[in-house]
Amino acid sequence: MDGMGSMRNLLGWKIGRWARGAATAALTALLLLAAGMPFAAAEEPRDWQLGLMAGATPVRERMDAFHDELLWIITAITIFVLGLLIYVMVRFNARRNPVPSQVTHNTLIEVIWTTVPLIILIAIWLPSLRLLYYTDRTQHADMTLKVTGHQWYWSYEYPDNGGFAFDSNVLSDGDAAKAGKPRLLGVDNPVVVPVGSVVRVLITGTDVIHSWYLPPAGVQEYAVIGRTNESWMQFDREGTFYGQCNQICGLNHPFMPIEVDVVSKADFDKWAAQAKQKFAQGQPGQPVAAAGSDRSGGLTLTAAAQ
Ligand SMILES: [Cu+2]
């Protein structure tokens, strides 16, 4: 009886310790979550972050959903194949089967292992194609943003908001620190777009191939000379979002970041009015008179720069 009692005590102590541990872990998680909140607003990756950075557009939302879907599929396949391997190692090893089986073919199994992967591939291919077309272009855009890649900076044009254009250059480490912007991501003239508006993004290039890559928006488009690529974004919240050129484009490839400030519609209108004055002259990309043809933007800029 004495033995049973001490056993129960031991068990009780262990459970008590486990409960305390769980409570501590839950509290720590809550504190971490609370501490993480202000950082989430800064739209930057956090230490010990799990998963992808939070998206801010419908395109990224769908990309994340597709990513999660694929993760389930590959997890199931990996566990299934691992199970098969373990089963074969245990059930059909040489020690257990001194006389090897002479079976070489099984039509039913061969049909199954051909058709099931095919069905899985089709199940992946269909939604991926739907997503690709969804990201491709928007039917109804509130405004257009023209992006031109140069060695080694970006320039932007706003044909629907006054036709002004400006260059966007990376800040030096010192200037970035002074401005409170992240190193090698902050720029002197950020892109500004209104929250909630559907922004058509047209991307072209003037020298070599660059790529306008803005992960929070789910946009990655090549900036190709003489060609205009298209994408779109509709930010669901205000904030500052960062991206980079992600096509190796030469010596200063890592020094042409993208900074997008998403602001309220009223703030955007105010900014656009000021920007029209500020960038009226002295920029290599002269204001484009009219947004006549979507395909003329990059070429106009090239002509103006020469
Ligand atoms: Cu580049």
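This is a predicted model: local features need pLDDT of at least 70, side-chain atom pairs count only at pLDDT 80 or more; totals for chains, interfaces and linings use all residues.

Colleague: Nice. How much of the chain is buried?
Modeller: Buried residues account for 24% of the 306 residues.

Colleague: Let's switch to secondary structure. How many helices and strands are there?
Modeller: The chain has six helices and ten strands.

Colleague: What is the strand order in the open sheet of five strands?
Modeller: The order is S4-S10-S9-S6-S7, and the pairing is mixed. Strand S4 (191-194) and strand S7 (219-223) are the edges, each pairing on one side only. From one strand to the next, the twist averages 25°.

Colleague: Which helix packs on that sheet?
Modeller: That would be helix H5 (residues 265-278), which touches S4 and strand S10 (258-263). The direction of H5 makes about 140° with that of S4.

Colleague: Back to the strands, then. How many bridges join S6 to S9?
Modeller: Two, between strand S6 (residues 210-214) and strand S9 (residues 239-245), and the strands run antiparallel. Trp-212 has Cys-245 in S9 as its bridge partner, while Tyr-213 stands opposite Gln-244 in S9.

Colleague: And how many bridges join S9 to S10?
Modeller: Five, and this pair also runs antiparallel. Gly-239 stands opposite Val-262 in S10.

Colleague: Now for H2. How far does helix H2 reach from its first C-alpha to its last?
Modeller: Helix H2 (residues 58-91) reaches 49 Å over its 34 residues. That is close to the 50 Å expected at 1.5 Å a residue.

Colleague: Does H2 lie largely in the open or is it largely buried?
Modeller: Two of the 34 residues of H2 are buried, so H2 lies largely in the open.

Colleague: Last one: among contacts between residues at least 6 apart in sequence, what share joins residues at least 24 apart?
Modeller: The share is 68% for this chain.

Conventions:
Residues are numbered from 1 along each chain as its sequence is written. Helices (H or I, at least four residues) and strands (E, at least two) are DSSP runs, numbered from the N terminus. A residue is buried if 20 or more other C-beta atoms lie within 10 Å of its own, exposed if 12 or fewer, and partly exposed in between; C-beta atoms are placed from the backbone. Two residues are in contact if their C-beta atoms, placed from the backbone, lie within 7 Å. Two strands pair if DSSP finds at least two bridges between them. Axes are lines fitted to C-alpha atoms, for helices over the stretch in contact, and angles run from 0 to 180 degrees between N-to-C directions. The expected span of a helix is 1.5 Å times one less than its number of residues.
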